Amino acid sequence: MSMTPQQDFVMKTIESRDIHFVRFWFTDVLGNMKSFAVSPSELEEAFSEGMGFDGSCIAGFGVTQESDMLAYPDASTFQILPWRPSSNAVARMFCSVRRPDGREFEGDPRLVLQRMVQKAADAGFTFNVGPELEYYYFESAEGTKVLDRGGYFDLTTLDSGTDLRRDTVLTLEGMGIPVEYSHHENGPSQNEIDLRYTDALSMADAVMTYKQVVKEIARKYGVYASFMPKPLEGEPGSGMHVHQSLFSSDGHNAFFDQGDPLGYNLSMTAKHYIAGLLKYAPEFSLLTNQYVNSYKRLAAGAEAPAYLSWGHKNRSTLIRIPGYRPNRAEACRVELRSPDAAANPYLAFSAMLAAGLAGIEQKLDIPDPIEETNLFEHSRWHLEGRGLHPLPLNLGEAIERFESSELMRSVLGDYLHSYLIRAKTEEWEEYQKHVSRWELDKLLPIL
């Protein structure tokens, strides 16, 4: 077999670094990491012919009678796992999933993002993203007892997560994932680590690695890390604010224009893109906020905006235009603040890109920005009276908007679109079974 230079590099590294196990990583439809280990002696064949596995037990990967799948490792994602021993070391590669006849498997979330990235490339764009992922540390997986009572940016004995964050950042950087910031978040024992922006596919792989590393380091310290959107009542939820931009094929930021009459340095491309996000956000909420618990975070405020709005620096709007370096072209970007940390990044990034590109293609007009108003301070009736429309109020509404969305169907394909509707409808119905009618009436507006 003739191997690519990257595949050849993997084989030589395995030999020189005493690597005895190579884990094949991929996600199910909901973004849960799946993996199996392969002996190095099987790799050469795996690169050309894939490695078979049973997909019947993986969410969205088929039924028992048609469950045979093949995992094809992506040599460009090869990394040694630093939390495993250096002797008899373990490495990993992300995989694409195909059917036995070689056809791409339509239920592979990574494939969905690859298709959308290619669509952007065909339009002359590279889609860059930089997410801010928040999470909580708890004393164990059995409860929600926090480690500290710190707040934003605390650097005191209150911040028990300092060493955990330090080890996590060092581990990520050791795996080639650059980190921009790390700090204590607003909630007790809540933390945030921000990854430096890169292309969307690399970033989705990095987000999955990030979640794994956070949990591995937490386990090393004898605690538990949770990316649940709203684990504590009365405390902030955990979001995944996604900074995003389009760069042209010549390396220039297509969102930047110093001649912007609004004074925000936004090009018409950026404004159409924002308009697309605002138009389609209710339709892709099922992907960015996929659990019953997700809507408890959105309804609670505390930097979890739930209304279709945008502004420059306004952190209460759904979309914010960060102003840290306003005259620096490469820093111009759009921040979507509704996604939560439990989203599948492959599908979430795909939905955002599809919405933004649709806004550009349709030349959608951007509404007026909201600057001086803190939306968190106003009631639902006040905001809707101003003409602001909400995101879905609960998982049930999110399913309805997603089901009727032709854009989401075109992005995911019939297979994934239908699977998610079925799976999430079952989740919503199961939830309703365990909530009394009185409790449901009381809770629905704030789920």
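This is a predicted model: local features need pLDDT of at least 70, side-chain atom pairs count only at pLDDT 80 or more; totals for chains, interfaces and linings use all residues.
**Salt bridges**

- K12 and D8 form a salt bridge whose closest N and O atoms are 3.1 Å apart. The two residues are four places apart in helix α1 (residues 5-16), so about one helical turn separates them. In general, an α-helix has 3.6 residues a turn, so residues three or four places apart point the same way.
- K12 is exposed, at 53% relative accessibility, whereas D8 is partly exposed, at 29%.
- E361 pairs with K119 in another salt bridge, with the closest N and O atoms 3.8 Å apart. This pair links distant parts of the chain, since E361 is in helix α8 (residues 345-361) and K119 is in helix α3 (residues 109-122), 242 residues apart.
- E361 has 54% relative accessibility and counts as exposed; K119, at 38%, counts as partly exposed.
- R337 and E335 form a salt bridge with closest N and O atoms 2.7 Å apart, and both residues are buried.

**Helix α5**

- Helix α5 covers residues 200-220, and its 21 residues should span 30 Å at 1.5 Å a residue. The end C-alpha atoms are 30 Å apart, which agrees.
- Of the 21 residues of α5, 16 are buried, so the helix is largely enclosed by the rest of the structure.

**Negative surface patch**

- E42, E44, E45 and E49 form a negative surface patch.
- E45 lies in helix α2 (residues 43-49) and counts as partly exposed, at 45% relative accessibility.

Key:
Residues are numbered from 1 along each chain as its sequence is written. Side-chain values use heavy atoms; hydrogens and water are left out. The expected span of a helix is 1.5 Å times one less than its number of residues. Buried means under 20% relative accessible area, exposed over 50%, partly exposed in between (1.4 Å probe, protein chains only). Patches are made of residues with over 30% relative accessible area and no salt bridge: like charges are joined within 9 Å, nonpolar side chains (Val, Leu, Ile, Met, Phe, Trp, Tyr) within 5 Å. Accessible areas come from the Shrake-Rupley method with a 1.4 Å probe; for residues, only the protein chains shown count as cover. A salt bridge is a side-chain nitrogen of Lys or Arg within 4 Å of a carboxyl oxygen of Asp or Glu. Lys and Arg count as positive and Asp and Glu as negative; His and the chain ends are not counted. The place of a charge is taken as NZ of Lys, CZ of Arg, CG of Asp or CD of Glu.
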